Amino acid sequence: MDLATFLIQCLNAVQYGLLLFLVASGLTLIFGIMGVINLAHGSFYMIGAYMAFALSPPVAATFGGGYFSVLAVGVVLAVLLGYALEWAFYSYLYEREHLQQVLMTYGLILVFEEARSLLVGDDVHGVPVPPLLGAALPLGQVMTYPVYRLFISGVCIALALGMYLVFTRTRLGMMIRAGSTNREMVQSLGIDISFLYRVVFAAGVALAAFAGMVAAPVSSVYPGMGQSVLIICFVVVVIGGIGSIRGALVAALLIGFVDTFGKVLLPSAAGVLVYVLMALILLGRPDGLFKA
């Protein structure tokens with residue numbers, strides 16, 4: 001492997017890891033803070049990807065602005081969807097057993113898949129890269145790297161920094177952290193914990209949907225695409241530590257490097273390397289790399 005190839009694979013690993021963090025951070029919020037095993041989280045990623053495909057014509061006709069207008073409208077719709085789902089379904093799960101959480105959220109997967117089939121069909125679709133980000137940077141004499149992949153990495157880093165500042169430097173972050181530790185105490189202090197959880201859930205859905213939207217131009221949009229993402233997101237949450245945003249970031253980057261270089265160096269074993277990594281980490285740190 002020459003230097004240019006190694007550099008490209010490092011960039012691919014960072015980009016994949018950061019995108020994975022964007023999805024897994026939403027699952028970390030919902031699973032770690034609210035205590036809900038949300039099997040439907042991968043469906044929110046799929047919904048985001050399909051919004052990037054389906055919203056382009058109506059948004060362009062109404063607002064103009066192309067791809068970035070689609071991102072803005074899609075995030076707003078994802079927040080509204082998350083808020084409505086938490087109010088209608090998830091708010092009843094906080095005191096329920098995990099089996100009931102699993103059954104209900106699995107039922108939502110079936111509902112989302114059927115709705116997707118009825119609305120946009122079962123074909124595989126592509127989303128074009130926005131012209132503004134369609135260039136490529138030269139790496140070496142023959143290799144180039146797409147600017148859009150660098151854009152994905154930059155957006156993910158900005159969102160990760162934003163989440164860190166919200167959780168550690170704002171009153172909202174303090175209330176969220178307190179609510180995840182002692183829900184009853186927070187309620188007794190006069191804070192509307194139900195509204196707080198609704199905001200957290202809406203943010204988690206928006207993060208997953210946004211990840212699907214920004215990933216759509218570099219991957220196909222296809223039925224069931226959320227299922228594989230869901231599995232790897234749970235691996236990220238377990239490795240990083242349940243409820244830890246910092247742990248999710250470190251775990252996602254580790255998985256990004258292991259998966260990317262595994263496919264290059266050990267393609268026959270690449271499918272299991274991530275799970276071997278998880279097993280090795282849990283042997284030494286059963287609670288994950290970081291605690292919330």
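Residues are numbered from 1 along each chain as its sequence is written, and side-chain values use heavy atoms, with hydrogens and water left out. Because the model is predicted, local features need pLDDT of at least 70 and side-chain atom pairs count only at pLDDT 80 or more, while totals for chains, interfaces and linings use all residues.

**Salt bridges**

Begin with the charged pairs: a search of the whole structure finds four salt bridges, the term meaning a side-chain nitrogen of Lys or Arg within 4 Å of a carboxyl oxygen of Asp or Glu.

Select Glu86 and Arg198, whose closest N and O atoms are 2.6 Å apart in a salt bridge. This pair links distant parts of the chain, since Glu86 belongs to helix H4 (residues 67-88) and Arg198 to helix H9 (residues 193-215), 112 residues apart. Helices here are DSSP runs (H or I, at least four residues), numbered from the N terminus. Both Glu86 and Arg198 are buried, where buried means under 20% relative accessible area, exposed means over 50%, and partly exposed lies in between (1.4 Å probe, protein chains only).

Next select Glu113, Arg116 and Asp122, which are linked in a network of salt bridges. Within it, the side chains of Asp122 and Arg116 meet at 2.5 Å, N to O. Asp122 is partly exposed, with a relative accessible area of 48%, whereas Arg116, with a relative accessible area of 10%, is buried.

Then move to helix H11, where Lys263 and Asp259 both lie, four residues apart, about one turn of the helix. Their salt bridge has its closest N and O atoms 3.2 Å apart, and Asp259 is buried, with a relative accessible area of 12%.

**Helix packing**

The crossing of H10 and H11 is right-handed, a label used when the near helix is turned clockwise from the far one by less than a right angle, with anticlockwise giving left-handed.

**A surface patch**

Finally, select Ile231, Val272, Tyr275, Val276, Leu280 and Leu283, which form a nonpolar patch on the surface with about 590 Å² of accessible area together. Accessible areas come from the Shrake-Rupley method with a 1.4 Å probe, and for residues only the protein chains shown count as cover. Patches are made of residues with over 30% relative accessible area and no salt bridge, joining like charges within 9 Å and nonpolar side chains (Val, Leu, Ile, Met, Phe, Trp, Tyr) within 5 Å. Helix H12 (residues 270-284) supplies the largest share of the patch, five residues. Leu283 lies in that helix and, at 70% relative accessibility, counts as exposed.

Conventions
Helix = DSSP H or I, 4+ residues; strand = E, 2+ residues; numbered from the N terminus.
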